[in-house]
Amino acid sequence: MTLPSAGQRFRDAVASEHPLQVVGAINANHALLAKRAGFKAIYLSGGGVAAGSLGLPDLGITGLDDVLTDVRRITDVCDLPLLVDVDTGFGSSAFNVARTVKSMIKFGAAAIHIEDQVGAKRCGHRPNKEIVSQQEMVDRIKAAVDARTDDSFVIMARTDALAVEGLNSALDRAAACIEAGADMIFPEAITELDMYKVFADRVKAPILANITEFGATPLYTTEELASVDVSLVLYPLSAFRAMNKAAENVYTALRRDGTQANVIDTMQTRMELYDRINYHAFEQHLDALFAQKKS
């Protein structure tokens, strides 16, 4: 029996949950935790790769291979469909975009979103963003769609035009991207709930709401977003932010107190970790191999 492709599993997840909650997983361990919690799809943030894997800001510094390394590590151990942030496509030409798409499919990703910022991009919730022309963004989408080796692989178009040129420009870009072959739309840094409904009515395609903390978009609930026809809700770095704060607290306590005793109750236990990564099954397999050799 042939299993559905990653892209088809992502589409099936969108169809089965309204709206689909897509949670950020900064690494393979977090992907397993997300699956355990019941999520049906996960996400790899470009800003998360930059900050988490490289210790750098999300300013177009990350390269394709940096992201592919984390994609492979996640898809090797977790079968949840993975949406990946590919920034502007990791290059200035259609060939770069095509290489990105083919590589993502090869490494097991289910979907990508590609944006209309210039190459020297910024976080979508930061000021002074610059975007390419609508035609250049359409060309990016066409290149991505043409490069698909799996028709089910999802091409999502992200537009940052709202903060730069206003709502009408963002709507025009979204519609042009759908006409060019994009499957879904990601309007970034939305400031009012009803704007999502306007996008959904205009493009007649699934709309993603990026509900990131400390940004331009209020922390709308799934019920609120469902009421305006949002199909996917993204939480790109929620667990990552919590993990970072917890790590800082532990480091501070260790340095201050000379012991971890005062923060031990904030830690995942050894047995909890073993349970989450299926440690004992691996160990039992190893024991069986050793027993065979001895006999």
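Ser152 sits in the loop that links helix H6 (134-147) to strand E5 (154-159). The model is predicted. Ser152 has a relative accessible area of 16%, and because buried means under 20%, Ser152 counts as buried. Leaving aside residues up to four places away in sequence, Ser152 touches Ser5, Gly7, Gln8 and Arg11.

Gly7, one of the residues touched by Ser152, is also among the buried residues of helix H1 (residues 6-16). The buried residues of H1 are Ala6, Gly7, Phe10, Ala13 and Val14. These residues lie on the same side of H1, because they cover an arc of only 120° around the axis. An α-helix has 3.6 residues a turn, so residues three or four places apart point the same way.

A helix pair comes next. Helix H4 (residues 64-77) packs with helix H5 (residues 94-106) at an angle of about 15°, and their axes are 10 Å apart. H4 is therefore roughly parallel to H5, since angles under 35 degrees count as such. The crossing of H4 past H5 is right-handed. The residues that make the contact are listed by helix below.

| Helix | Residues in the contact |
|---|---|
| H4 | Leu64, Asp65, Val67, Leu68, Val71 |
| H5 | Arg99, Thr100, Ser103, Met104 |

Sorted by class, the contact of H4 with H5 holds 5 nonpolar, 2 polar and 2 charged residues.

Definitions and conventions
Residues numbered from 1 in each chain as written. Predicted model: local features only at pLDDT ≥ 70, side-chain atom pairs only at ≥ 80, totals over all residues. Heavy atoms only, no water. Axes fitted to C-alpha atoms, helices over the stretch in contact; angles between N-to-C directions. Helix = DSSP H or I, 4+ residues; strand = E, 2+ residues; numbered from the N terminus. Parallel < 35°, antiparallel > 145°, perpendicular 65-115°, else oblique. Left-handed = near helix turned anticlockwise from the far one by under 90°. Contact = heavy atoms within 4.5 Å. Nonpolar A, V, L, I, M, F, W, Y, C, P; charged D, E, K, R; others polar. Buried < 20%, exposed > 50% of the residue type's maximum accessible area, 1.4 Å probe, protein only. Arc of directions from axis to C-beta.
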